[in-house]
Amino acid sequence: TCTTAHDLGAVAIINVTKSGETAKMISKHRPECPIISFTTSEKVYNQLALSWGVEPLMIEELDSTDRLFERTVQLATEA
């Protein structure tokens, strides 16, 4: 993920996580761009706030991955 983001000149890495493990794995590689991590859990949100380079954001649970993708892009752009 980090290599691809670097090669593409990505502005951010966006992910959705329930446990926070995805964002923590990405964080270990110290990418140049911020990691915007969406979660539905306040506990995970607080844990991610302590992870290097991770900007956690809360998101409501949605019923489809298409709606989830659209909503994460919208919220990331607003943030």
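Student: Does Asn15 count as buried or exposed?

Tutor: The model is predicted, so that local features need pLDDT of at least 70 and side-chain atom pairs count only at pLDDT 80 or more, while totals for chains, interfaces and linings use all residues. Residues are numbered from 1 along each chain as its sequence is written, and side-chain values use heavy atoms, with hydrogens and water left out. Buried means under 20% relative accessible area, exposed over 50%, and partly exposed in between (1.4 Å probe, protein chains only). Because its relative accessibility is 8%, Asn15 counts as buried.

Student: In which strand does Asn15 lie?

Tutor: Helices (H or I, at least four residues) and strands (E, at least two) are DSSP runs, numbered from the N terminus. The strand that holds Asn15 covers residues 13-16 and is named β1.

Student: At what distance does a polar contact join the side chains of Asn15 and Ser37?

Tutor: A polar contact is a pair of N or O atoms within 3.5 Å; within protein, one must be able to donate a hydrogen and the other to accept it, and residues adjacent in sequence count only if both atoms are side-chain atoms. The polar contact between the side chains of Asn15 and Ser37 is at 3.1 Å.

Student: How far apart in space are Thr17 and Ser37, C-alpha to C-alpha?

Tutor: Thr17 is placed in the loop between β1 and α2 (21-27), and it counts as buried because its relative accessibility is 5%. Leaving aside neighbours within four places in sequence, Ser37 is among the residues in contact with Thr17. The two residues are 20 apart in sequence, and their C-alpha separation in space is 6.9 Å.

Student: Which residue's backbone nitrogen does the side chain of Thr17 reach?

Tutor: The distance is 3.4 Å. The backbone nitrogen in question belongs to Ser19.

Student: How many disulfides does a search of the whole structure find?

Tutor: A disulfide is a pair of cysteine sulfur atoms within 2.5 Å. Cys2 is in no disulfide, the nearest cysteine sulfur being that of Cys33, 7.3 Å away. Cys2 is buried because its relative accessibility is 17%, and Cys33 is buried because its relative accessible area is 11%. The number of disulfides found is zero.

Student: What is the phi of Arg30?

Tutor: Arg30 is placed in the loop between α2 and β2, and it counts as partly exposed because its relative accessibility is 48%. Although Arg30 is not a glycine, its phi is positive, at about 50 degrees.

Student: What volume does the largest pocket have?

Tutor: On a 1 Å grid over the protein atoms alone, a pocket is an open set of points where a 1.4 Å probe fits, with protein on both sides within 12 Å along at least five of seven lines; lining residues have an atom within 4 Å of a point. Grid points are joined across faces, edges and corners, and a volume is the space filled by probe spheres set on the points. The largest pocket is lined by 14 residues, with Val16, Lys18, Thr40, Glu61 and Leu68 nearest its centre. Its volume is about 160 Å³.

Definitions and conventions: Contact means heavy atoms within 4.5 Å.
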